[in-house]
Amino acid sequence: MSKLRLAVVGAGPAGIYASDLILKAEGDFEVSIDLFDLLPAPYGLVRYGVAPDHPRIKGIIRALYEVLDRGDIRFFGNVKYGTDITLDELKEHYNAVIFATGAIKDADLNIPGIDLDGSYGAADFVNWYDAHPDFPLTWPLNAKEIAVIGNGNVALDVARMLIKRPDDLLSTDIPDHVYQGLKASPVTDVHVFGRRGPAQVKFSPLELREALHVEGVQSIVYDEDFKYDDGSQAAIDSNNQVRVMVKTLEDLRENPQAHEERRLHLHFFSAPVEVIGEDGKVAALKVERTELDGTGNVKPTGEFVTYPVQAVYRAVGYFGSALDEIPFDSKNGVIKNSEGRVLSDSGEQIPGVYCTGWIKRGPIGLIGHTKADAIETIGHVIADRALWWNPSKPGEADVVATLEQKGVDYVGWPAWLKIDANERSLGEAEGRERIKLFDRSQMVAISKGE
């Protein structure tokens with residue numbers, strides 16, 4: 001029986017699902033998988049992209065842990081593709097590679113003033129409060145009034161983390177520097193802006209309910225934002241999720257919440273057109289009111305409103321990053337591919353190279369959609385057996401030798417479990433499940449038992 005030596009780059013849900021599914025797929029060959037990640041920790045965006053007060057979603061980590069803990073997938077953390085291991089080195093050791101590197105950068109928002117001091121990408125803020133090892137320990141939280149641009153779950157997460165009372169986060173896994181940063185914030189008002197109406201928001205119902213019922217925070221909506229056209233009504237009638245969200249928002253409209261010192265404002269039909277500055281810093285956000293066109297889409301009205309704010313967060317989507325020697329679609333932020341088969345710049349299939357997850361299809365869909373995505377990709381990997389690479393050093397010890405010769409401080413699965421145990425121990429001392437470590441060198445040292 002022949003053997004498939006497979007490398008997977010990216011240890012988030014996409015990479016772990018792909019690894020698990022190909023091991024369970026029927027085939028007349030054995031499968032041996034090595035899973036690489038830039039970080040010393042696995043789980044990708046579930047660990048570094050989900051708000052710390054969302055333990056339900058973080059519960060997905062348990063299922064991912066069980067896959068990796070079986071022992072039939074080797075984990076190599078703290079390994080940077082392109083430097084610590086190159087495409088040529090992957091070809092020496094494997095028959096194929098699947099890239100599952102996700103999308104962690106903010107999509108651009110091209111409006112005047114977006115580069116002013118006090119204007120931030122939501123993804124950067126998320127990485128800060130989720131204690132990503134490659135982000136600074138401090139964050140400039142000095143604004144009383146803040147604008148968040150976007151009508152998706154990330155926008156709600158960012159808004160909730162900005163306005164929530166910091167002491168209510170002490171039961172989560174945030175380290176002390178995140179708590180102290182949030183505690184020092186003078187914030188009183190966070191405004192969330194979406195260019196369409198209540199029937200077109202991209203929130204999930206649970207995210208919306210959580211955001212509207214934060215202890216010590218008054219949630220506010222505005223009567224002029226509640227308008228519906230035929231397209232809106234069709235969406236309400238045909239989609240239960242839309243119906244629930246509209247009802248949730250209408251209930252808040254009809255039953256205003258009591259006054260609190262901190263306030264969350266939801267604004268609809270408000271398209272940002274300019275971030276206004278003063279002395280090089282954010283001073284206001286200018287929006288243009290929009291109106292429905294009958295189909296559920298919106299058109300501009302020529303009416304403008306300016307809101308005084310001292311910080312702006314854009315939460316208009318994530319964007320993928322290019323990888324060494326892999327063709328990249330810089331317009332859409334994805335690897336050039338057809339159903340997960342990576343394509344050259346001229347559109348021809350590149351043998352042995354595949355992709356899955358957000359780096360394949362863009363940052364759309366929830367974590368669950370990633371599994372169906374992986375099924376498509378691994379189907380092509382199996383079907384393309386005749387195109388697999390012929391590695392010159394296919395032994396499982398050979399890639400370890402390559403990393404060690406290059407002096408790479410990789411973190412294997414048993415080593416990660418030491419980091420995991422340390423985080424749990426830190427949390428137990430304070431009555432929490434864990435406290436997240438954030439210093440890469442410290443994590444590596446702990447992984448070595450130092």
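1. Trp 139 has 16% relative accessibility and therefore counts as buried (under 20% relative accessible area; over 50% is exposed and in between is partly exposed, with a 1.4 Å probe and protein chains only). Trp 128, at 2% relative accessibility, is also buried.

2. This is a predicted model, in which local features need pLDDT of at least 70, side-chain atom pairs count only at pLDDT 80 or more, and totals for chains, interfaces and linings use all residues. Residues are numbered from 1 along each chain as its sequence is written, and side-chain values use heavy atoms, leaving out hydrogens and water.

3. Rings of Phe, Tyr and Trp (its six-membered ring) pair if their centres lie within 6.5 Å; planes under 30 degrees apart are stacked, over 60 edge-to-face, and the rest tilted. By this rule there are 19 aromatic pairs. In one of them, Phe 36 and Phe 76, the centres are 5.2 Å apart and the planes at 20°, so the pair is stacked. Phe 36 belongs to strand β2 (residues 29–36) and Phe 76 to strand β3 (residues 73–76), so the pair ties together parts 40 residues apart in sequence. Strands are DSSP runs of E, at least two residues, and helices runs of H or I, at least four, numbered from the N terminus. Both Phe 36 and Phe 76 are buried.

4. Trp 128 and Trp 139 make a tilted pair, 6.4 Å centre to centre with 35° between the planes. Trp 128 is in helix α6 (residues 122–129), and Trp 139 is in the loop between α6 and β7 (145–149).
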